[in-house]
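Work through the exercises below with the sequence and the coordinates at hand. Each task is followed by a stepwise solution.

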Amino acid sequence: MSVLTAAPADEEPPDTGERHRLTAVTGLAALSLDAMASVAYGPEAIVLVLAAAGAHGLGFTLPVTLAIAGLLAVLVASYRQVIAAFPDGGGSYAVARTHLGARTSLVAAGSLVLDYVLNVAVAVTAGVAALTSAFPGLYGDRLWLCLAVLALITGVNLRGIVESARAFIVPTVVFVGSVFVLIVVGLFRSGPVSTAAADGHASVLADNATTVGALLLLKAFASGCSALTGVEALANAVPSFRVPRAKRAQRAEVALGAVLGAMLIGLSVLISRFHLQPVEGVTVLAQLADASLGHNWAFYVIQFATMVLLALSANTSFGGLPVLLKLLARDNYLPHVFALKADRQVHRHGVLALALVSAGLLVFSGGDTNTLVPLFAIGVFVGFSIAQVGMVRHWRRERGSGWRGKALLNGCGAVLTGVSAVVVTATKFADGAWLIVIALPLLVAAFETVQRTYARIGERLGLGRIPERPHRDRSVVIVPVSNLSRLTCEALNAAGSLGDEVRAVTVCHSDPEDRAHAAALEAAWELWNPGVPLVRVASERRALGRPIAAYVREVAAPGTRVTVLIPEVEPERFWRRLLQNQRGAVVAHAVRRDTDAVICRLRFRLS
């Protein structure tokens, strides 16, 4: 009969970590900055492509943007379905793993990893570029500024994703609010209030304008789709949300789609309304702010908010990539250390790995945005396409109510994103996109190599099989000693409790000083008489670990378990470890390398 006991009324419920997870609102701030900030360069990417057809080409800005908004709606609807079907996160990787096979899932994961890493580098360099545009004197220090911003974002994320969301929610609200104010005020303008920002800057309209053909429109569409990067981040990081996780993530996804779509369409309407023409050295968003609000404090508020949000949009990667790395580690495609989680629901190893790789990219590019932009957004389109195809297969297998319409929706999305991926790769191939084409297969090969290694380890360990019954062997414990002290006594006490036989071993070299020291130790040992024999191991070479490892091999025999117990001092202060001779580490390394003995390191704390 079982007995149930009630907990005291004043006892606090156990901390499940929910307070360190995201709500729908904080999820937008933590995981959607990339998508929000894309309105600063998405419409501009469309305009710059259409400028090749002159003023007539710019008239197609709104239709192209509406097509992108339609694709955005398809993606939002699709990723809502992905969130519901795969609440453990992983996005396109999880979809492909279930419905398209392991190799395809690794392609999706690799493309997301590359895109997340590039997003950090591009976001930080773009934000710093906005700063150096306002303060040209800082241009020479842009690399150090980029690294400082990266260190700031990394530090905030190491404290937890909720902490990063709280820190970044104010800049997000300021930016989104400023853009909507710009759009609403601009819609009531019959013409631009000011053109001061563009005055004196050369137009980028082509002198010999081309015709507006399908290829130009397709290229403009593909370039503008860079505004869709970050839409998948919420689906990748569902476990980071509070319960009910899937519902909260779906609400955040819909809110992101609505806000991003409204900003993109609103800005494109203003581009057509003001007949805006792109100029060198001034962003399209800056011209729109100038035209709608005038060249005053409101103009500079929008510029500053854009700069801050561009730099902080790297946080999307810090929220999504560590969760993806955790899933890959769980499936044995990455070292298992990436699956570890700290107290604040932080995958610290994933955060630190992302920061280190991104820092390397920043150093490689010298903090220059233009070096990195051609590599950006290719990976995310590959992930989009794979997720859409996988969801089509998902609905065909499920065959629930309305499955044909859902499959048709995902099928259209797969075609659109697949075409965009091909066009973006082809148009940016010579500018550096070839690096992604090479890096993606190499990353997939690395995943498979790690998985094969774990499979071999599991086979040798007999994972999944019931092992034979344990049995007790004769045990010999070897204790390396160099002098007599309390540490020696503690080591022999511990050794006596571990094994049937204990032997103390000291290494003696051939020079007179060492022989004299060994003789003195033997005399003191004889006087002490601990009941444990002291074995002198002679060595012609000035080595410590190898002679002990050689003696261990001599002692080892069938049916005998050898343990090497290495006594070490644990100082009170961390810096005092520098005063130690590190003999314990040397012996442990040699024994581990050359024998199968069990290594036990006894820490004697000084207090």
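The model is predicted.

**Exercise 1.** Determine which residues of helix H3 are buried, and which helices are included in what covers them.

*Solution.* 
Step 1. Helix H3 spans residues 42–50.
Step 2. Eight of the nine residues of H3 are buried, and the helix is mostly covered.
Step 3. The buried residues of H3 are Gly 42, Pro 43, Glu 44, Ala 45, Ile 46, Val 47, Val 49 and Leu 50.
Step 4. The cover over these residues includes helices H4 (54–58), H5 (61–85), H10 (214–224), H12 (245–273) and H13 (284–293).

**Exercise 2.** Decide whether Thr 172 is buried or exposed, and list what Thr 172 touches beyond four places in sequence.

*Solution.* 
Step 1. Thr 172 lies in helix H9, residues 161–187.
Step 2. The relative accessibility of Thr 172 is 7%.
Step 3. Buried means under 20%, so Thr 172 counts as buried.
Step 4. With residues up to four places away in sequence not counted, Thr 172 touches Ala 29, Leu 33 and Leu 309.

**Exercise 3.** Classify the exposure of Gln 451, then find its contacts beyond four places in sequence.

*Solution.* 
Step 1. Gln 451 belongs to helix H19, residues 403–461.
Step 2. Its relative accessible area is 29%.
Step 3. Neighbours within four places in sequence aside, Gln 451 is in contact with Asp 331, Asn 332 and Tyr 333.
Step 4. For one of these, Asn 332, the C-alpha to C-alpha separation from Gln 451 is 5.1 Å, while the two are 119 residues apart in sequence.

Terms used:
Residues numbered from 1 in each chain as written. Predicted model: local features only at pLDDT ≥ 70, side-chain atom pairs only at ≥ 80, totals over all residues. Heavy atoms only, no water. Helix = DSSP H or I, 4+ residues; strand = E, 2+ residues; numbered from the N terminus. Buried < 20%, exposed > 50% of the residue type's maximum accessible area, 1.4 Å probe, protein only. Contact = heavy atoms within 4.5 Å.
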